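Good morning, and thanks for coming. Please keep the model open on your screen while I go through a few parts of it.

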Amino acid sequence: MIKHISSLLGAGALALGASLGSARAADTVKVGVLHSLSGTMAISETSLRDILLFTFDEINAKGGVLGKKIEPVVVDGASNWPLFAEKAKQLLEQDKVAVTFGCWTSVSRKSVLPVYEKNNGLLFYPVQYEGEEESQNVAYTAEAVNQQATPAVDYYLAEGKKKFYLLGSDYVYPQTTNLVLLEYLLSKGVKLENIGGGFRRDGAGKIISAGKYTPFGHTDYQQIVAEIKQFAASGDACVISTLNGDTNVPFFKEYAASGLTAETCPVVSFSISEDEFRGLPAKQLVGQLGCWTYFQSIDTPANKKFVADFQAWLKKTTVPGIVKEGRVTCSPMVLSYVGVYLWKAAVEKAGSFDVDKVRAAWKSGLSFNGPGGKVTTQPNMHLTKNVFIGETKADGQFKIVKTFNNVYGEPWLKGKFK
Amino acid sequence: MPPDPMMNFLARCLRPLACLAVIAGALAAPAEPARQILVRAALSDDAAQQRELITSLTGRADAALVALLEAWRTDALFRYAPAEGTALVVQLTGPKDDEGRQAAVRIDTGAALVDAAGQPLKLAAGDLKAVEHTTSLRRAMKAVADLADLADPDPARRFKAVQTIGQAQDAAKLAPLQARLEVETDAGVRRVLREAIALVQLKDPQDATRIAALGTLKELHTLASTDFIKRALKEAEEARNQPVLTAAREALRAVENHRSFVDFFGTLFRGVSLGSILLVAALGLAITFGLMRVINMAHGEMIAVGAYTTYLVQNVFGTGITLPFFGLSLGLPGLDLTGGAYQTYFLFALPCSFLAAALVGIGLERSVIRFLYRRPLESLLATWGVSLVLQQAFRLMFGANNVQVSSPVYLSGNWTVNDIIFGWNRVFVVGFAILIVFGMWLVLTKTPLGLLIRASMQNRTMASCMGVRTERVNMLTFGLGSGLAGLAGAFLSQIGNVGPSLGQGYIIDSFMVVVVGGVGSIGGTILSAFGIGGIDQVLQQYLPVVAPGLGWVPGIGGFLQNLAQDAAVFGKILVLAGIILFLQWRPAGLFVTRSRSLED
């Protein structure tokens, strides 16, 4: 791996970089990796860097893409959204990468989007997001709302749940997801008074926000849990949580202490995967639900091989800064992994690294059998994939209780359910 | 399109047929023992069929079967595949032998499992796969068990069973409920039985029955009945049924009155509990900053030291832990305790947290702070630097991720008195806050050390002239303050995250509490902690009640109405704004300490 130092040097360095690039161009292809390796998001995003490096090694060992070895250019977005845009610019204009795999938060994606559109670059985005976006320069391997949130609601409805409490962290993904969920619940005949968390209305009385929101780092969930307890007193209630990061710890501790359990009032969390579990109190979460397009516990030979290969790679890798113990695989990691293979398939179908040709190949519908089952690319830049609902076990893994096969990724959901 | 969706479709069409066949089979041969149905369900791979089979056990369950269902739900039923023949479901009983094997009982016959030669077969739980279960299956099992549980000797189980049956509003269950009420002696269960019967009767076609049921619900005014009364009210409204409507309105009013009572006292308790947390977190700072006037930005990290110490003690009581320690690997052996002995780890963690943080504090005082006593601004910068160093040290030793601190059993339940929830962890924090305040008062006013501390803090030079070794007193005082912060860390580990940046979340709150209370006044710190905690909770609770009525305010009415949604955030903003105004009015805080010292 070539270590890149972010450069603010000037035109001379730029020219040098370009000439170095062309010297290598014959046998390698440059691929950007744009994740936060420092700052608050580093805990989640470094796992994606690791899995990407693993995937590149795996592909290179089998001969690379179109006969060229992948040469990763890893840059650090440092959990700083404007910096993401700068780094993206550097990747596209200076390093001339053929494709970038990166971003976790929606705000980082929104920040780099104009850069990719201006330079006609291609970004693979692997983390569950709120939809309402369809850029020609982004391949969304991520879960769209209808590949995570609405299947979870379907599952709850099938379980006989009648009351839904919406709770989330205060930023764009939970806010948008809950608005879509509100429409979806109403379309399924759930009454407005049976949707908890409250509503915010504009001057005309139209609902512009649904659910209860807490800021990042919030620790006092007493009042909210007391409210949920009253909400659930009459039975058949459940919670849909888009709480992010470590606010889940005080929430679930309070939840368990108040006597609410997965049997009386289950919680489905869209932001807790196997990887997040490493810092959560497992005992308090047992029986609560998760919904993703991949779980490490999927019992297929393909997944077992993938998990074993990744662990073996972790043991022998020499890249500095990679944690080797207690590693797990989770949905954003697998979506990064299948993203690389889909890009490879698209490049090979197009016979070129040219972004326009690769995009056309993507839109023609490519399939790849990944660890989570078959995924297929769609004309709207999203992916068709399987959706799983799992119950949390004490060891931080999920027991799959329901599978939805081949769910078509649909980004535009607002106003769709009437 | 690939062929698998087609297959899926076919399978989905056939599944109900298969279930029908199962049910028909069950009807045609009612003699099939309940245990065998259970075994068939356990061996089935089809979730829908499993559910049907379990539900078919309704009314046939005896105590033995309920115990089996319970065993299934707690992963104590195992699937055993003998070398030849079909798979069996077994339960392990009796003492374990040296290799961890136990005698096995076949569930279908209830007899001991034997091998081909007729000898009893012993199996180890680790070699077997527990029979799996999902939420919906557990619910089905629960429904079956609930009806059987009506006669359970444990009142808590009866209570839960009655509640679930009542909320299902199934008229067929009315008779067993009424039969149980005849013989029930436990007051709590009698109450919930009456509620359940009334809930089922709400579905009765007779007006008189429904009105009587609503009368019962009015008398009981339980929160659980709210939704059902509302539904009855709506139905009566649509049917223009005046007598039922009146009864429903009265019942609803009684429940709402009860709810405001619960909310009021619940808020009060939550305010006290939040106040206690603020107090526990700020008390150490009240000493290091309040009494010693060191602007101690590393206070938060002292809290984190306490929290990490709790984590270490927990691991030592468990399986041990290995930490990277500046290039070395530091292994702490585990005591491998389980059960009750393991649960006591928290009691040992308390003194350890105090000592660890006190030692770090004394080290900090000796190495940095003692040179800066008369230079508050430099002490601010120096302690801030120390806080960054400590945070990085946590990251190096424990990793950037949060670590798991599990709550001991005696801190993870709750008492529910009249629908008001008292979480044990919260009650413990309140009790503990009272204890350490009392302890501190004793130390400061009744011991020679306290006398020396007060003397040195009031007038360092004079105390020194009188022969007090102020250097040593300073060191001990700083150690005491840091130790209290460590204790706070042990508690906060039961409520929130334990991570390298744990302290950052509490440092602002701590300074706020001490400044509002009046720097140097312990009493002021106590009052301001409870004041801030209480106001915060009251705003969180009652903003959503008040805000919707503020639409009339010109210009910002809409904005105010929507505040209800942000109660958690806006409550905090209002508290901060209130504090700013308060400090404009009383810059020295609630209690001003006057000193004759020439230093001030």
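Start with one pair of residues: A:Leu34 stands opposite A:Val75 in strand β2 of chain A. Before going on, this is a predicted model, in which local features need pLDDT of at least 70, side-chain atom pairs count only at pLDDT 80 or more, and totals for chains, interfaces and linings use all residues. Residues are numbered from 1 along each chain as its sequence is written, while chains are lettered from A and ligands numbered from 1 in the order in which they are written.

Back to that pair. Strand β1 (residues 28-35) of chain A and β2(A) run parallel and are joined by 8 bridges. Two strands pair if DSSP finds at least two bridges between them. In general, strands of a sheet pair through backbone hydrogen bonds, either parallel or antiparallel.

Which order do the strands of this sheet of chain A take? The order is β2-β1-β3-β4-β5, in an open sheet of 5 strands with parallel pairing. At the edges are β2 (69-76) and β5 (138-140) of chain A, each pairing on one side only. From one strand to the next, the twist averages 25°. Angles run from 0 to 180 degrees between N-to-C directions, and axes are lines fitted to C-alpha atoms, for helices over the stretch in contact.

Helix α11 (residues 331-350) of chain A lies across β3 (99-102), β4 (123-125) and β5 of that chain, and runs at about 170° to β3(A).

Now two helices of chain A. The axes of α3 (residues 81-94) and α4 (residues 106-119) of chain A come within 8 Å and cross at roughly 30°. That makes α3(A) roughly parallel to α4(A); the cut-offs are under 35 degrees for roughly parallel, over 145 for roughly antiparallel, 65 to 115 for roughly perpendicular, and oblique for the rest. Among the residues making the contact are A:Phe84 and A:Leu92 of α3(A) and A:Val112 and A:Val115 of α4(A). Contact means that the C-beta atoms of two residues, placed from the backbone, lie within 7 Å. By class, this contact has 10 nonpolar, 3 polar and 2 charged residues. Nonpolar covers Ala, Val, Leu, Ile, Met, Phe, Trp, Tyr, Cys and Pro; charged covers Asp, Glu, Lys and Arg; the others, Gly among them, are polar.

Compare a helix pair in chain B. Helix α11 (residues 242-291) and helix α12 (residues 299-317) of chain B pack at an angle of about 130°, with their axes 10 Å apart. That makes α11(B) oblique to α12(B). The contact is made by B:Ala281, B:Gly284, B:Leu285 and B:Thr288 of α11(B) and B:His299, B:Met302 and B:Ile303 of α12(B). These residues divide into 4 nonpolar, 3 polar and no charged.

Next, burial. How many residues of strand β6 (residues 163-169) of chain A are buried? The count is 7 of the 7, so β6(A) is largely enclosed by the rest of the structure. A buried residue has 20 or more other C-beta atoms within 10 Å of its own, an exposed one 12 or fewer, and a partly exposed one falls in between, with C-beta atoms placed from the backbone. A:Lys163, A:Tyr165, A:Leu167 and A:Ser169 point one way from β6(A), and A:Phe164, A:Leu166 and A:Gly168 the other way. Strand β11 (residues 237-242) of chain A runs parallel to β6(A), with 6 bridges between them; there, A:Leu167 has A:Ser241 as its bridge partner. Strand β7 (residues 195-196) of chain A is also parallel to β6(A), through 2 bridges, and A:Phe164 stands opposite A:Ile195.

Helix α8 (residues 248-257) of chain A has 10 of its 10 residues buried, so α8(A) is largely enclosed too. Its cover includes α7 (222-231) of chain A and α16 (424-446) of chain B. Just after α8(A), A:Gly259 takes a positive phi of about 90°.

That brings in both chains: 45 residues of chain B are in contact with 45 residues of chain A. On the chain B side, the classes are 14 nonpolar, 28 polar and 3 charged.

Last, a loop residue. B:Leu337 sits between β7 (328-333) and α13 (339-343) of chain B. With 15 C-beta neighbours inside 10 Å, B:Leu337 counts as partly exposed.

Terms used. Helices (H or I, at least four residues) and strands (E, at least two) are DSSP runs, numbered from the N terminus.
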